[in-house]
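This briefing goes through one protein chain, from single residues to the whole fold. Keep the sequence and the 3D view open while reading.

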Amino acid sequence: MGHDTPPFTIGIEEEYLLVDQHTYALAHAPDSLIDACKKDLADKVSPEFLQCQIEIGTGVCHTIGQARTDLAHLRRTVARHAGEYGLAPIAASCHPFADWKDQHHTDKARYNKLRRDLAGVARRMLICGMHVHVGIPDEEMRVKLVNQLKYFLPHLHALSTSSPYWQGDDTGMNSYRLTVFDNLPRTGLPPYMKDWAQFSTTVKTLIDLDLIEDASKIWWDLRPSSKFPTIESRICDVAPRMEVTLTLAALTQCLTRMLWRKSIDGDGWRVVQNFMVGENRWRAQRYGVSEGLIDFGRKTLIPFSQAVDEILELIEDDAVALDCVAEVHAARDILKTGTSADQQRKVFAASVQAGASQQEALKAVVASLVADFQADL
């Protein structure tokens, strides 16, 4: 590769819910807990929109190995400080039995404005996500890669699904989070953008109309970052287990590099209409990895395991170059064990079979999420 090779650095952001260690109900994060985390982690930790949430972000990492070290430290530190208050973090996109009407937003100017602007839609945002940044300094290349990478967003999302329950009910979805998030404006798949100028002009129009302050209020599943020279994948549910997070990050990093290689060779990847990619997005949201996705080249449904095998073949050289072969191949382990959504349902079913009530079974699900959070640390 030549000197214009992007660094393909990665950064990972995760949002966690805080639960009471005994009741497993959602709990308010006191300011002193956030302050204690900030003392150890500085700007890598921050409060989130709701008082029961906390957000972390790694530094700029050159390899998945660096990201593992950073993310493990962040998770351990949050868990340690939360434990001092009788709380525990979980990394699931929806709490299995909490009621959004009982939650309150963080009293900060940014969040107060968000609440005013988004009205009742904002109040329902009892959801957590995971974002992956990949370093692409060239602005035009950022736009080109966003146009192409969105093809693979349903595949990434399917592997990440961790939100089957909402307010005590099994929704039948593997990712109910996306259903809730899609109520916000400026969400969903990014539109096709011809170049950086078109993207910038579009954003500037909304800023000039005083509808948004900056591009951070564009909440597409994938976007050129408003703060960093990166593209930012935002579609994934947050993963209870850190190793799943790292697999999703490594896949995102490798897919970006593969598409860049194809772009500089003059091939590029097919740009499929959002209407069609949206069908795969729905299938991922509904079924996770248990049903197939559409292969638009062949115009047929293929099993998800086949889609994963084909992705791994496509990114084989990239995984070697980026030193994350084991992490991307761990996608096959998710197929064997099921996603977090599948595993949560298994815990629930086993608890009910053992004689637990529905509420007791839901608490068992949260207990399993608490254990998952620290399993890889």
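His-73 lies in helix α2, which covers residues 64-83. The model shown is predicted.

**Helix α2**

- His-73 has a relative accessibility of 36% and counts as partly exposed.
- Leu-41 is 32 residues away from His-73 along the chain, and the C-alpha atoms of the two are separated by 9.0 Å.
- Ala-67 also has its place in helix α2.
- Is Ala-67 buried or exposed? Ala-67 is buried, and its relative accessible area is 0%.
- Leaving aside residues up to four places away in sequence, Ala-67 touches Ile-10, Ile-12, Cys-61 and Leu-246.
- Between the C-alpha atoms of Ala-67 and Ala-250 the separation is 9.8 Å, although these residues are 183 apart along the chain.

**The largest nonpolar core**

- In soluble globular proteins, nonpolar side chains tend to be buried together.
- The largest nonpolar core of this chain has 120 residues.
- Which residues have the most contacts inside this core? They are Leu-126, Phe-152, Leu-251, Ile-315 and Val-328.
- Helix α8, residues 242-264, gives the most to this core, with eleven residues.
- Val-328 touches Thr-247, Ala-250, Leu-251 and Cys-254, and also Leu-312, Ile-315 and Ala-319, when residues up to four places away in sequence are not counted.

**Helix α4**

- Helix α4 spans residues 139-149, and eight of its eleven residues are buried, so the rest of the structure largely encloses this helix.
- The word buried here means a relative accessible area under 20%.
- Which residues of α4 are buried? They are Met-141, Arg-142, Val-143, Leu-145, Val-146, Asn-147, Gln-148 and Leu-149.
- The elements that these buried residues pack against include three helices, α5 (153-160), α7 (196-208) and α8.
- The strands β8 (222-224) and β9 (230-233) also pack against the buried residues of α4.

**Loop residues with positive phi**

- Most residues other than glycine have a negative phi.
- Gln-167 is not a glycine, yet its phi is positive, near 55°.
- The loop that holds Gln-167 runs between β6 (165-166) and β7 (169-170).
- With a relative accessible area of 28%, Gln-167 is partly exposed.
- Asp-323 also has a positive phi, near 60°, and is a residue other than glycine.
- The loop between α11 (316-321) and α12 (325-329) is the place of Asp-323.
- Asp-323 counts as exposed, at 57% relative accessibility, because the cut-off for exposed is over 50%.

**Two other loop residues**

- Gly-297 is in the loop between β10 (293-295) and β11 (300-302).
- At 46% relative accessibility, Gly-297 counts as partly exposed.
- Gly-297 and Arg-270 are 27 residues apart in sequence, and their C-alpha atoms are 8.6 Å apart in space.
- Ala-330 sits in the loop between α12 and α13 (331-337).
- Ala-330 has a relative accessible area of 18%, and it counts as buried because the cut-off is under 20%.

**The chain as a whole**

- The protein chain has 15 helices and eleven strands.
- Its radius of gyration is 20 Å, close to the 21 Å that the globule rule gives for 377 residues, so the chain is as compact as a globular protein of that length.
- Along the principal axes, the C-alpha atoms fill a box of roughly 60 × 45 × 35 Å.
- Of the 377 residues, 56% are buried.
- Among contacts between residues at least 6 apart in sequence, 77% join residues at least 24 apart.
- The chain exposes about 15,800 Å², and carbon and sulfur atoms supply 51% of this area.

Key
Residues numbered from 1 in each chain as written. Predicted model: local features only at pLDDT ≥ 70, side-chain atom pairs only at ≥ 80, totals over all residues. Heavy atoms only, no water. Helix = DSSP H or I, 4+ residues; strand = E, 2+ residues; numbered from the N terminus. Rg over C-alpha atoms; globule rule 2.2 N^0.38 Å. Buried < 20%, exposed > 50% of the residue type's maximum accessible area, 1.4 Å probe, protein only. Contact = heavy atoms within 4.5 Å. Areas by Shrake-Rupley, 256 points an atom, 1.4 Å probe, with all protein chains shown as cover. Core = buried A, V, L, I, M, F, W, Y, C linked by side-chain atoms within 4.5 Å.
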